Amino acid sequence: MSLQALIFDVDGTLADTERDGHRVAFNRAFAESGLDWEWSVERYGQLLEVSGGKERLQRYLQEDQPDLILPGDMKAWAAEIHRLKTRHYRELVQQGILPLRPGVKRLIQEARQAGIRLAIATTSAPDNVLALLETGLGADSPSWFEVIAAGDVVPAKKPAPDIYCYALEAMGLPPEVCVAIEDSHVGLQAALQAGLTTVITPSSYTQNEDFTGAALVVSHLGEPSKPFQVLVGHALPSTYFDISCAQSLLATSASVTGSRIDLQ
Ligand code: XBP
Ligand code: MG
């Protein structure tokens, strides 16, 4: 199969956004709402098991604030806090404190030059994605992505495959011609269930997660001057992740799938 598109996750993959971005933005939204809650680095790591900020907030309420009496419906309350959080997150991103991870910009530029199509599949809210792209890659960069599948566009968030299926459908492509780039176990489950060959670049919160099923796990996408470390799988002779590397992963996983079919 010939590679036609790369589908990028956002948080943890494009940039390490959770600890110093989303977590801090939540804490600022709590303070702005008169709540004396402070999500520590450790507690936030546990809450990341739930994807989606609004959903994460509801999990926190159930587990840590069971006696809290809300003025109204929990979902509406979470949506309002989340609206404040999104504003704080955008401000943090625009301050430039969340740089793109190694190799992200290079790979996106290479893909554009090679005519490989680009998409985003994330649980994060669309505003967050736009802020990160515009700050990291330039004001016109959102238009480089044929589809930015984000947030509530599908009701079932990762690990459900829905957001990847949505992106594939919007591009009119089957999964066999695309490679997904993720950083987490939850994201990997979503991509695999959508039938995608998946590369993992673990982020600070996901270092010790289970990446069984990934085609390749590398420390980061790497640069010619900053080689990646291969954690699982084979990438030789590449020392950084490029289009030819994505192409050969696709060819390998196609032959694996083929041999599985042959055995049945
Ligand atoms: C990561 C998430 C998001 C962010 C916060 O998404 O689970 O919920 O933590 O963003 P991904 P929101 O790795 O799929 O990019 O508060 O907007 O949900
Ligand atoms: Mg992620």
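Colleague: By class, which residues make up the shell around ligand 1?

Modeller: Start with the classes. Ala, Val, Leu, Ile, Met, Phe, Trp, Tyr, Cys and Pro count as nonpolar, Asp, Glu, Lys and Arg as charged, and the others, Gly among them, as polar. Here the shell has three nonpolar, nine polar and six charged residues. A caution: this is a predicted model, where local features need pLDDT of at least 70 and side-chain atom pairs count only at pLDDT 80 or more, while totals for chains, interfaces and linings use all residues. Residues are numbered from 1 along each chain as its sequence is written, chains are lettered from A and ligands numbered from 1 in the order in which they are written, and side-chain values use heavy atoms, with hydrogens and water left out.

Colleague: How many residues surround ligand 1, and which are the closest?

Modeller: A residue is near a molecule if one of its heavy atoms lies within 4 Å of it. Ligand 1 has 18 such residues around it. Glu18, Gly53, His82, Lys85 and Thr122 are the closest.

Colleague: Which helices and domains supply the shell?

Modeller: Helices (H or I, at least four residues) and strands (E, at least two) are DSSP runs, numbered from the N terminus. At least two shell residues come from each of H1, helix H3 (53–64) and helix H4 (74–94). Domain bounds come from an automatic or database domain assignment. Domain 1 (5–16 + 100–263) and domain 2 (18–94) each give at least three residues to the shell.

Colleague: Which polar atoms lie 2.7 Å from an oxygen atom of ligand 1?

Modeller: A polar contact is a pair of N or O atoms within 3.5 Å; within protein, one must be able to donate a hydrogen and the other to accept it, and residues adjacent in sequence count only if both atoms are side-chain atoms. Glu18 places a polar side-chain atom 2.7 Å from a ligand oxygen. A side-chain N or O atom of His82 is also 2.7 Å from an oxygen of ligand 1. Thr123 uses a polar backbone atom, 3.0 Å from a ligand oxygen. Taken alone, ligand 1 exposes 450 Å², and the protein buries 95% of that. Those areas come from the Shrake-Rupley method with a 1.4 Å probe; for residues, only the protein chains shown count as cover.

Colleague: Which protein donors does the magnesium ion (ligand 2) have?

Modeller: Donors are N, O and S atoms within 2.8 Å of the metal (3.2 Å for Na, K and Ca); water is not among the atoms, so sites may look incomplete. The magnesium ion has Asp9 (OD), Asp11 (O) and Asp183 (OD), at 2.1 to 2.2 Å. Their spacing along the chain is D-x1-D-x171-D. Asp9 lies in the loop between strand E1 (5–8) and helix H1 (18–32), and Asp183 in the loop between strand E4 (178–182) and helix H8 (185–193), so the pair ties together parts 174 residues apart in sequence.

Colleague: Are Asp9 and Asp183 buried or exposed?

Modeller: Buried means under 20% relative accessible area, exposed over 50%, partly exposed in between (1.4 Å probe, protein chains only). Both Asp9 and Asp183 are buried. Thr13, in the loop between E1 and H1, is buried too, with a relative accessible area of 3%. Its side chain makes a polar contact with the side chain of Asp9 (2.8 Å).

Colleague: Which peptide bond is cis?

Modeller: Look at omega. The bond from Lys158 to Pro159 is cis, with omega near 15°. Pro159 is in the loop between strand E3 (147–149) and helix H7 (162–171).
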